[in-house]
Amino acid sequence: MRSIIVESDDFGMTIPISRAIILALKRGLLSATNAQVTSPDFAASAVLAQQMGLHLVLDKDVPICDPQNIPSLVTTAGRLMCYANLQAREQELDINEVRREFQAQIDCFLASGLKLTHLTSHHFVATLTPAIYAVVLELAQTYQVPLRHEVTKLPLKHQAAYQDLWQKSTVKTAGALITAQQGPYLTPADIQQQLLLVDQTVPLVILSHVGYLSSALRQKSSLTTNRLVELETLKTLQAMAYWQINNWQLIDYSVIGVNDR
């Protein structure tokens, strides 16, 4: 059997998203998810689950740290700046402040009682700069958890510096990361086509965003009805018995193991 992780980001962004993710996990549509602790709905969502990954955030949400302690990361209103502004100011970001905020997010996650299984990042901010990626590797090493391999979504010419940092660490990662390519959301055909093109000898990750709609979601994310479509995509694959027919086994990050490579 070949191994694949089917996960959804943004657990805790809104209660309806969290409920949809929990239901999809129970039905075997998903095998993993990632918590967004910077959302005000995270605490209420955490009671629905037992373990999951942490979705590290540096953009748009309210930080866990006091904004005065991370001035290079926030706007004058005290919120984490948008991703475009992070990109424009990446050389001005204080890496110690990045470490401080990420550590605070991990502390918040663990204080909820959830077991940490892996680390991912919102909008792949872990790969915004090699310095930020080094911090994420350091945290993964400290907490003995694997990473989602977000480096694979960078242009090939930019990957070398990140791969070098990873090779010097003992942190384990999943394999290729499959995301929507042909449109704004994943479709069964999109997933099937990508699976033919990637190395299947290590566990792959299909990144989805599932959830139910709410007025709060429309204020927080550009991904709205996309989440319903991707939920239907996963239901379709299950109804087709696609994973079983093609010899795929849905796993979670625990199968990747601790960082002892």
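Guide: The largest cavity here has a volume of about 60 Å³. This is a predicted model, in which local features need pLDDT of at least 70, side-chain atom pairs count only at pLDDT 80 or more, and totals for chains, interfaces and linings use all residues. Residues are numbered from 1 along each chain as its sequence is written, and side-chain values use heavy atoms, with hydrogens and water left out.

Visitor: What is a cavity?

Guide: Rolling a probe the size of a water molecule over the atoms shows where empty space is left. On a 1 Å grid over the protein atoms alone, a cavity is a set of points where a 1.4 Å probe fits but cannot get out; lining residues have an atom within 4 Å of a point. The volume is the space filled by probe spheres set on the points, which are joined across faces, edges and corners.

Visitor: Which residues line the largest cavity?

Guide: Among them are Leu119, Thr120, Ser121, Tyr133, Val136 and Arg148. The largest share, 3 residues, comes from β4, and both β4 and α5 supply at least two residues each.

Visitor: Which residues of α5 are buried?

Guide: Buried means under 20% relative accessible area, with a 1.4 Å probe and protein chains only. In α5, Ile132, Tyr133, Val135, Val136, Leu137, Leu139 and Ala140 are buried.

Visitor: What volume has the second largest cavity?

Guide: Its volume is about 40 Å³. Helix α9 (residues 225–239) gives the largest share of its lining, 3 residues; Val6 and Trp243 are among the lining residues.

Methods
Buried means under 20% relative accessible area, exposed over 50%, partly exposed in between (1.4 Å probe, protein chains only). Helices (H or I, at least four residues) and strands (E, at least two) are DSSP runs, numbered from the N terminus. On a 1 Å grid over the protein atoms alone, a cavity is a set of points where a 1.4 Å probe fits but cannot get out, and a pocket is an open set with protein on both sides within 12 Å along at least five of seven lines; lining residues have an atom within 4 Å of a point.
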